[in-house]
Number of protein chains: 2
Amino acid sequence: MTSATVHDRSATATEGSGPSEDELRQLPGLVSVDDHIVEPPDLWTSHLGNDPEKVPHVVRKQVPRGAGSDELVWADVWVYEDVEVPLIRAFQSVGMAADEVDLVPLTLDECRKGVVDRDARLADMDIDGIEVEVLFPNNFVRFCGQVFLEAKDKKLALECVKIYNDYLLEEWQAPSGERLIASTIVPLWDVELAAAEVRRNAARGGRAVCFSEIPARLGLPSMYSGYWEPLFQACAETDTVVNMHIGSSSTQHTTSPDAPPGVRIANHFSNSAFSLTDWLYCGAFIRYPDLKIAFSEAQAGWIPFLVHRLDNLWSPGRDYRNPDPPLPNPPSHYLRDHVYACVFDDVDMLKHIDVLGEDQICFEADYPHPDGSWPNSRRRALELTATVERPVRDKFLRYNAAKLYRIERVLKELSEPTTGR
Amino acid sequence: MTSATVHDRSATATEGSGPSEDELRQLPGLVSVDDHIVEPPDLWTSHLGNDPEKVPHVVRKQVPRGAGSDELVWADVWVYEDVEVPLIRAFQSVGMAADEVDLVPLTLDECRKGVVDRDARLADMDIDGIEVEVLFPNNFVRFCGQVFLEAKDKKLALECVKIYNDYLLEEWQAPSGERLIASTIVPLWDVELAAAEVRRNAARGGRAVCFSEIPARLGLPSMYSGYWEPLFQACAETDTVVNMHIGSSSTQHTTSPDAPPGVRIANHFSNSAFSLTDWLYCGAFIRYPDLKIAFSEAQAGWIPFLVHRLDNLWSPGRDYRNPDPPLPNPPSHYLRDHVYACVFDDVDMLKHIDVLGEDQICFEADYPHPDGSWPNSRRRALELTATVERPVRDKFLRYNAAKLYRIERVLKELSEPTTGR
């Protein structure tokens with residue numbers, strides 16, 4: 001009988017266990033497919049003026065330490081129409097000790113500089129052995145730009161979306177020499193505008209876009225509505241990867257108000273599972289054979305079980321449970337070449353290479369969030385891939401992501417690893 | 001590169017593939033841990049009179065074929081207080097061809113006799129090579145007796161709960177020679193009454209009870225409230241297994257109203273994942289070292305990923321995400337000897353024996369539901385366990401369930417299979 005303990009954190013900290021310093025040094029630069037910037041306080045006011053009634057801006061003030069708390073702490077608070085969103089320690093926790101990370105508000109001055117400053121970020125990536133990062137929004141803009149979808153003044157919101165993308169593409173991606181890749185946002189409320197924004201961004205190097213894992217949960221047309229075709233078409237045509245970050249449906253599930261936050265955090269993957277089901281059922285990969293999607297921060301170990309289940313429910317004839325018209329092939333048929341998993345702490349994925357394929361799992365460091373691995377990403381990457389042969393490891397940690405996001409600087413030094421499969 | 005197709009249904013139907021007729025004949029009787037009766041139309045009226053204002057009873061009438069349909073079909077409809085629940089083909093589909101199974105109402109006369117008649121059920125089990133079944137309610141009572149929780153007259157509802165349990169224990173379990181095991185229901189609205197009902201049933205051979213996978217979703221106190229301690233205490237004391245069937249939180253998730261039913265069906269496991277998180281976090285297994293729970297119809301392939309994730313979130317010190325006070329051991333520590341997975345179509349579980357353990361996976365045939373395997377349960381059981389050595393197979397298909405539900409008739413002919421682990 002094997003031990004009941006799956007993972008003992010104290011054991012991984014034991015000196016001498018895990019990869020050696022030598023192995024860490026020899027590892028080629030990692031490509032991380034999910035990291036975040038903190039939106040700078042003057043991002044929109046510098047372009048649109050600072051009318052506090054309209055333009056997103058930051059106010060430094062004292063706010064409650066938590067819901068129902070009498071204690072006040074200083075915080076930088078985003079203010080935009082009716083919304084007030086303080087920076088929260090857990091959304092920019094990089095560099096903090098584990099016991100300092102919580103849901104308490106804070107100021108930008110308390111955060112590591114790399115969260116908001118490009119050159120400081122590049123230096124932090126060097127410390128961590130990260131060659132490339134794919135950059136997402138943070139807790140104000142939210143993971144597919146929901147804050148602008150919810151805005152009342154949609155004309156202004158469209159301007160804000162464009163300013164955000166300009167900033168990410170021109171201030172972070174362009175000067176970085178392909179070390180920083182923007183995952184842009186789109187005006188989700190208008191699919192033609194969204195498709196146009198994908199094309200506008202693609203024309204200047206954009207290659208990834210944030211989309212909602214479950215658009216109907218944002219009050220938008222569903223994956224079965226046909227509404228999103230122009231956006232998917234634009235992404236397929238421009239080789240723009242559709243990234244669906246956890247949280248991008250603005251819903252999280254838990255069991256009860258008194259359940260610890262870990263219940264919803266550990267189960268974030270359930271929305272990704274619903275989303276993958278939609279993508280496999282809705283036929284988008286039949287209509288757009290070049291379309292590629294990634295489940296950012298969703299890991300991979302749940303995918304094989306779900307896909308087996310979908311295949312076993314699949315019926316080539318009439319079945320009341322399945323899409324109508326039915327899929328001509330089992331759902332798993334549409335995984336390969338379309339669906340990418342993004343893994344930060346999931347050893348189980350390696351048991352399932354037969355389902356997802358060694359070409360579709362990518363590593364992520366999730367800077368600057370609490371699940372992020374900075375400054376130990378090399379160590380985590382090697383621990384995650386300890387049981388696979390080196391060419392497969394190179395695929396997970398570097399090549400798959402470089403191919404997906406077309407990182408020429410990585411691809412040109414590296415032909416596709418030969419795995420003997 | 002391996003094929004993208006995980007499972008090709010047409011291939012499994014090919015003659016010559018899968019287990020041979022000889023292998024099927026030699027298989028010892030299966031123990032199935034999740035099957036259902038259909039509540040007989042006169043179950044409550046025969047004891048409580050037939051005042052249609054009060055007592056659950058059946059009316060045969062014409063009802064719409066489906067939501068918004070003008071077409072009428074004959075159906076047997078349960079009537080109880082404000083509730084009208086027709087029998088639905090998909091809830092008693094055993095024996096129907098795949099293309100006859102749907103959500104259309106029907107009469108009991110159209111159903112296979114074994115759904116409602118004990119001796120017919122035993123004969124159907126013989127046909128299918130099933131030695132023992134654990135019996136759950138069906139779509140009127142619902143999978144932890146929610147219909148009585150929702151009733152207005154709770155005094156009458158308690159009587160109804162007792163009549164149901166009397167029927168299941170005395171008419172099905174007792175005369176069956178341990179071939180039929182009742183999963184009883186309890187008055188969920190009063191934990192002291194619920195604990196008393198567990199003890200009343202245990203005294204006459206009861207050994208399993210239906211509980212909600214997420215009680216707070218039924219408007220009941222949460223798993224963290226302390227409210228359920230008397231029930232857990234009663235179950236631990238009486239060796240009563242706590243069964244949580246999918247659907248027992250009265251919630252199912254989907255992505256949009258126009259999504260096919262398969263989205264929620266394939267993702268039923270997400271509620272089980274939330275439930276397992278609660279059970280591992282709430283400390284019940286620390287307080288009740290003898291308590292055993294089973295996730296009926298939830299399968300197993302999702303468990304290792306979730307448990308790894310919970311372990312990696314676990315911190316022996318302070319962590320804002322985890323239970324307070326924190327668990328002294330990582331969540332996975334509390335799996336072994338407590339948590340049982342019930343599998344009907346999940347080959348992935350076999351890749352994860354190191355996490356769940358070969359002692360805690362049980363087979364289920366799910367008679368008479370659409371995922372049920374009748375009359376091919378032997379074939380499905382062998383396909384599910386094709387890659388494991390015979391003693392492990394015997395554990396999955398027979399011994400683990402017999403030990404969990406204390407089926408002496410199986411245990412006495414079989415010592416614990418030796419697996420060499």
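This is a predicted model: local features need pLDDT of at least 70, side-chain atom pairs count only at pLDDT 80 or more; totals for chains, interfaces and linings use all residues.
Colleague: Hi! How is chain B related to chain A?

Colleague: Nice. How many residues are in contact there?
Modeller: On one side there are 81 residues of chain B, and they are in contact with 80 residues of chain A.

Colleague: What area is buried between the two chains?
Modeller: About 7200 Å² is buried between chain B and chain A, and carbon and sulfur atoms give 58% of that area.

Colleague: OK, what about charges? How many salt bridges are found across the interface?
Modeller: The rule finds 4 salt bridges between chain B and chain A. One of them joins the side chains of Asp371(B) and Arg309(A), at 2.8 Å from N to O. There are also polar contacts across the interface, with 16 residue pairs found by the rule.

Colleague: Which helices of chain B supply residues to that side?
Modeller: Helix 9 (261–266), helix 10 (269–281), helix 12 (303–313) and helix 13 (353–356) of chain B each supply at least two residues to the side that touches chain A.

Colleague: Which of those gives the most?
Modeller: Helix 12 of chain B does, with 10 residues on the side that touches chain A.

Colleague: And what classes of residue make up that side of chain B?
Modeller: The side of chain B that touches chain A has 37 nonpolar residues, along with 22 polar and 22 charged ones.

Colleague: New topic! What does UniProt list for chain A?
Modeller: An unreviewed UniProt entry lists residues 117–407 of chain A as "domain: Amidohydrolase-related". In the model, that span is 40% helix and 9% strand, and its end C-alpha atoms lie 22 Å apart.

Colleague: Now the backbone. Is the peptide bond from Trp374(A) to Pro375(A) cis or trans?
Modeller: That peptide bond is cis, with omega near 0 degrees. Pro375(A) sits in the loop between strand 11 (361–363) and helix 14 (377–384) of chain A.

Colleague: What about chain B?
Modeller: The bond from Trp374(B) to Pro375(B) is cis too, with omega near 0 degrees. Pro375(B) is in the loop between strand 11 (361–363) and helix 14 (377–384) of chain B.

Colleague: Last one: is phi of Asp239(A) positive or negative?
Modeller: Phi of Asp239(A) is positive, near 55 degrees, in a residue other than glycine. Look for Asp239(A) in the loop between helix 8 (229–237) and strand 8 (241–243) of chain A.

How values were computed
Residues are numbered from 1 along each chain as its sequence is written. Chains are lettered from A and ligands numbered from 1 in the order in which they are written. Side-chain values use heavy atoms; hydrogens and water are left out. UniProt positions are given in the numbering used here, feature names are shortened, and annotations may be inferred rather than shown by experiment. Helices (H or I, at least four residues) and strands (E, at least two) are DSSP runs, numbered from the N terminus. Contact means heavy atoms within 4.5 Å. Buried area is the accessible area (1.4 Å probe) that two parts lose on being put together, summed over both. A polar contact is a pair of N or O atoms within 3.5 Å; within protein, one must be able to donate a hydrogen and the other to accept it, and residues adjacent in sequence count only if both atoms are side-chain atoms. Ala, Val, Leu, Ile, Met, Phe, Trp, Tyr, Cys and Pro count as nonpolar, Asp, Glu, Lys and Arg as charged, and the others, Gly among them, as polar.
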